[in-house]
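Have the structure open as you read.

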Amino acid sequence: MKTIIYYFTGTGNSLAAAKKIAASHGETEIVPIAAFRNITDEISPDAGRAGIVCPVYFAGLPAMVASFAERLDFASANYVFSVVTHGGGGGSAALRQLDGILKDKAGRGLDAGFAVSMPGNYILTYESPAGEKRDRLLAAADADLERIAGQIRQETRLKLPNSPVTRIVKALTYPRFRSHVHGDDRKFTVTEKCTSCGTCARLCPAGNIEMGGGRPVWNHRCELCCGCIHLCPVEAIQAGKGTEGRQRYRNPSVGIAELERQRGAEP
Ligand SMILES: Cc1cc2nc3c(=O)[nH]c(=O)nc-3n(C[C@H](O)[C@H](O)[C@H](O)COP(=O)(O)O)c2cc1C
């Protein structure tokens, strides 16, 4: 039975999770959500199993994932799942948000949803873990994903996790995130360290960065994935003083070239 996995990622955690699940299945297609960003058509995948893998942002879904899900009709899939990756919490509210969007769209929500703890990458407010701490987190995530992949293979139907505290955090933080996210790139600056390599422009999943005069220019379609800050090879991109000298992060099992392909050829 064919499986299709749609993913969105900033720094590779969610793509690593998607790849890990795909590796334990038979025929599986891994499709970047970013490739659909300029397409308004409905999406009805022809697959027995279908899933969405993405990070948690402010206890909810990345804006691009929420609008993608609004165009998604999973009605013909036998089994629908989601895996959200997060740096510490908020997964249950993000899964419930996705379930609600899918139900509104096609009357068919998630059969199972899983939240996996991975290194946090919200560099605007904290430092990503490094060294042994990062490796321990990734090893634990790998074990979780192994178990989750087995449950997906067996099409295990599970009640979605629920956390009242997480629901409150989402209610307090997510609406502001959604209404401001595209313009949050106004905080981003580039220093004289920039070598004009264009990596940031190539890997931005929103296609939000152009090179102008050899420097990145942000066009206010930002998803706040923080990929440009984390993945700049010379750490030339900052968002205020707070990101200066802060540890950068990329999931070690995902290469820059894979991230650059995320925006892909449009389907
Ligand atoms: C804008 C933004 C908001 C985030 N909000 C949360 C959050 O509410 N809860 C949490 O545990 N992690 C949060 N994170 C951390 C990411 O969910 C986590 O690091 C995720 O695994 C990153 O996945 P990626 O590498 O696929 O982009 C946030 C990260 C960003 C960039």
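Here is a short tour of the domains, their contact and the ligand.

## Before we start

This is a predicted model, so a local feature needs pLDDT of at least 70 and side-chain atom pairs count only at pLDDT 80 or more, while totals for chains, interfaces and linings use all residues. Residues are numbered from 1 along each chain, as its sequence is written.

## Two domains

The protein splits into domain 1 (3–168) and domain 2 (180–257), with bounds from an automatic or database domain assignment. Taken over C-alpha atoms, their centres are 23 Å apart.

## Where the domains touch

Domain 1 puts 21 residues into the contact, and domain 2 puts in 21 residues. Two residues are in contact if their C-beta atoms, placed from the backbone, lie within 7 Å.

On the domain 1 side, α1 (13–23) and α2 (63–69) each give two or more residues, and α1 has the largest share, with 3 residues. Helices (H or I, at least four residues) and strands (E, at least two) are DSSP runs, numbered from the N terminus.

That side of domain 1 has 13 nonpolar, 6 polar and 2 charged residues. Here Ala, Val, Leu, Ile, Met, Phe, Trp, Tyr, Cys and Pro are nonpolar, Asp, Glu, Lys and Arg are charged, and the others, Gly among them, are polar.

## Around the ligand

The ligand has 26 residues around it, and the closest are Gly10, Asn13, Ser14, Pro55 and His86. A residue is near a molecule if its C-beta atom, placed from the backbone, lies within 6 Å of it. Both α1 and β4 (79–86) give two or more residues to this shell. By class, the shell has 11 nonpolar, 15 polar and no charged residues.

Why does the ligand lie between the domains? Domain 1 and domain 2 both give residues to the shell around the ligand, so the ligand lies between them.
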